[in-house]
Amino acid sequence: MTGARAALFVRRELAAALHARWFIVYAALFLIAGVLLAAFGMGNTMIYGYRGFAKAFAGLVHLALFLVPLMALFPSAASVADERESGVLEYLLAQPVSFGEVYAGKWGGINVAMLLALTIGFGAAGAVAVMRGVPPAFVLAAYGFVLLLATAFVAVGLLLSSVAASRARALTFGVVLWFLLIALGTLGVMVASIRWGIPERVLLVWSFVNPIEAFRVGVMSVLDPDLSLLGPIGIRLVGRLGSTGTAALAALSLAVWSVIPGLIGLRLFRSHV
Amino acid sequence: MIRARGLAKQYGVAAVLRGLDMDVRSGERVAVLGLNGAGKTTLIRCLLGLTDFTGNLAVAGYDVRKSGLAARRAIGYVPQRPPHFDGTLRDIVAFFCRLRGLDADGVRAQLEELGLSVKEHGDKHVRTLSGGMLQKTLLGLALAAHVDLLLLDEPTANLDAPARREFLRALRSTAADRTVLLATHRLADVEAVADRLLVLHEGSIAFAGRMRELWDAVGADITLWIQVPQDRRDDVERHVATRHAITTVLRNGSAFGVKIERSRRADLLGDLRREGVMVEDFWTEAPSLHDLMEQLLAARRAAAENAE
């Protein structure tokens, strides 16, 4: 694989993502909602102090939890399937390039597009939050988790796109997966725990297996040292692993989600041209 | 340029290529002819390394499986359906120039030679260009890359008749020094481009040789249409039927068509001239590929029975 060719594909994918209407809409939505939440949601931080801004900042985190996976899934799930349908992929791979270069270009380009959009959106909201008294270190930690969440869902999207027969199917799979992972987050875990009496160990593991839940647990364990925002599962996790250990394990989980689906996607990409 | 030994490809239980052995020498123009599903596109996908296969396959001396990148460097590809790129013609040309390390001026000059002006059409979105223009763009990119081998997968399949003629003319005039492998199901394309042809049938080579040898092998009849004055048509038909033992098969106004061996066409027309028949016009229709395949397979069966 040559860096120059991969970089060419990164630029191509980045340009495609930045020209896509959906991407601009999501990025704008994230920017506006984030800034509004930061500006108006933290009105009481001065009154309630540390705990107040953590709760207010949690709104921004939950906004990211809902929007960022969709922002990442749309371009990545469409990426391979769309070009396969249009005949572009076959023509590209008929050139003196490797499958890996094309795939890496897609992965890199979409991630760079996400990085730009999230840096602008989260950066603006974070700046407002810092001005309202949130410590910059917390904003940076949350920003890091947001980037990891985005990278994880880019990898998942590319995997779906590599196997789906069409763009529409890839996007449908992506949205269904997103919905399931959201539904099987805190609320789902609690319902399952009450309804079926699932062992605590399974629920704790699930908090790291589900990337959306891992993001929530990870970022909240940093933001909310007194654990009021984490919920019962999160409290058990912090009790066992400590705040830093929980955050580290959550970050590791998202890192694994960023790599493994991407590699599986590459393998399937080779056999589904 | 191409060397295949025991090339086989299976999709599930369906064998698409069944142990092909083939050689294409440098500078040859070979047509791969076959009905839909014969394995033409799969053969091209194997050559491009886009699908796995069993057997050995080399392009320009490079093993396609082990050195696919080097093999593809020697290949210029024009697909059946032009890819739906997103961008202007200038964007697409610029991207592929960077990808293959081509000189942009050289590509523009090549496209001009093919009758496509980047100056005139460069700012148009490629989706607004005609199929013929897109195919010419891909051919131009392949030629400008100085590739040794042009792989053309039914490049005229989606073009109308004028665009098809124009593409084939451009191909003949600009790719004279290249090796060409043209997959097609059009006999006219074969006659316009190829020196030699391979007929694929159900994943096997049913015939390899020159077009004339194929006609000889199958004895395929053409349809000869003869147009005479309306009031003489019946007389001329009777004459042809009695003298040449040919029955009229078709009528269209003052013209009638007869099935005849290609080699007897000149005799029949010469005879009519000697008889003083005023032939206003004549033209021939090649048999359809389907008819040709049936006759070829029948000839092979007969040859096999004779051998036994």
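This is a predicted model: local features need pLDDT of at least 70, side-chain atom pairs count only at pLDDT 80 or more; totals for chains, interfaces and linings use all residues.
**Entry 1: overall make-up of chain B**

I began with the inventory of chain B, which holds twelve helices and 14 strands. I then looked up its extent: the C-alpha atoms of chain B fill a box of roughly 70 × 55 × 30 Å along the principal axes. Of the 308 residues in chain B, 38% are buried. I also checked how far apart in sequence the contacting residues lie. Among contacts in chain B between residues at least 6 apart, 70% join residues at least 24 apart.

**Entry 2: the sheet of four strands**

I recorded an open sheet of four strands in chain B, in the order 2-1-4-5 and with antiparallel pairing. Strand 2 (14-24) and strand 5 (62-63) of chain B each have a single partner strand, so one side of each has no neighbour in the sheet. Within this sheet, strand 1 (residues 2-11) and strand 4 (residues 54-59) of chain B are joined by five bridges in the antiparallel sense. I looked up one bridge there: Ala8(B) has Thr54(B), in strand 4 of chain B, as its partner. Helix 1 (residues 40-47) of chain B packs on the sheet and touches strand 1, strand 2 and strand 4 of chain B. The direction of helix 1 makes about 115° with that of strand 1 of chain B.

**Entry 3: the sheet of six strands**

Next I followed an open sheet of six strands in chain B, ordered 6-7-8-3-9-10, with mixed pairing. Its edges are strand 6 (75-78) and strand 10 (204-209) of chain B, each of which pairs on one side only. On average, neighbouring strands of this sheet are turned by 15° against each other, direction ignored. Strand 6 runs parallel to strand 7 (residues 149-153) of chain B, and four bridges join the two. In this pair, Tyr77(B) stands opposite Leu151(B) of strand 7. Helix 6 (residues 131-144) of chain B packs on the sheet against strand 6 and strand 7, and its direction makes about 180° with that of strand 6 of chain B. Helix 12 (residues 289-307) of chain B also packs on the sheet, touching strand 9 (196-201) and strand 10; its direction makes about 95° with that of strand 10 of chain B.

I then checked helix 10 (residues 233-244) of chain B: at 1.5 Å a residue its twelve residues should span 16 Å, and its end C-alpha atoms are 16 Å apart, which agrees. Just after helix 10, Ala245(B) takes a positive phi of about 55°.

**Entry 4: nonpolar cores**

The largest nonpolar core has 161 residues, and those with the most contacts inside it include Leu149(A), Val32(B) and Leu151(B). I looked up Val32(B) and noted that it touches residues including Leu43(B), Leu181(B) and Leu198(B). A second, separate core of six residues includes Ile226(B) and Phe256(B).

**Entry 5: the contact with chain A**

Lastly, I noted that the contact takes 16 residues from chain B and 16 residues from chain A. On the side of chain B, helix 2 (68-73) and helix 3 (89-100) are the elements that give two or more residues. Helix 3 of chain B gives the largest share, four residues. By class, this side has nine nonpolar, one polar and six charged residues.

Definitions and conventions. Residues are numbered from 1 along each chain as its sequence is written. Chains are lettered from A and ligands numbered from 1 in the order in which they are written. Two residues are in contact if their C-beta atoms, placed from the backbone, lie within 7 Å. Ala, Val, Leu, Ile, Met, Phe, Trp, Tyr, Cys and Pro count as nonpolar, Asp, Glu, Lys and Arg as charged, and the others, Gly among them, as polar. Two strands pair if DSSP finds at least two bridges between them. Axes are lines fitted to C-alpha atoms, for helices over the stretch in contact, and angles run from 0 to 180 degrees between N-to-C directions. A nonpolar core is a set of buried Ala, Val, Leu, Ile, Met, Phe, Trp, Tyr and Cys residues joined through C-beta atoms within 7 Å. A residue is buried if 20 or more other C-beta atoms lie within 10 Å of its own, exposed if 12 or fewer, and partly exposed in between; C-beta atoms are placed from the backbone. The expected span of a helix is 1.5 Å times one less than its number of residues. Lists of a residue's contacts leave out its neighbours within four places in sequence.
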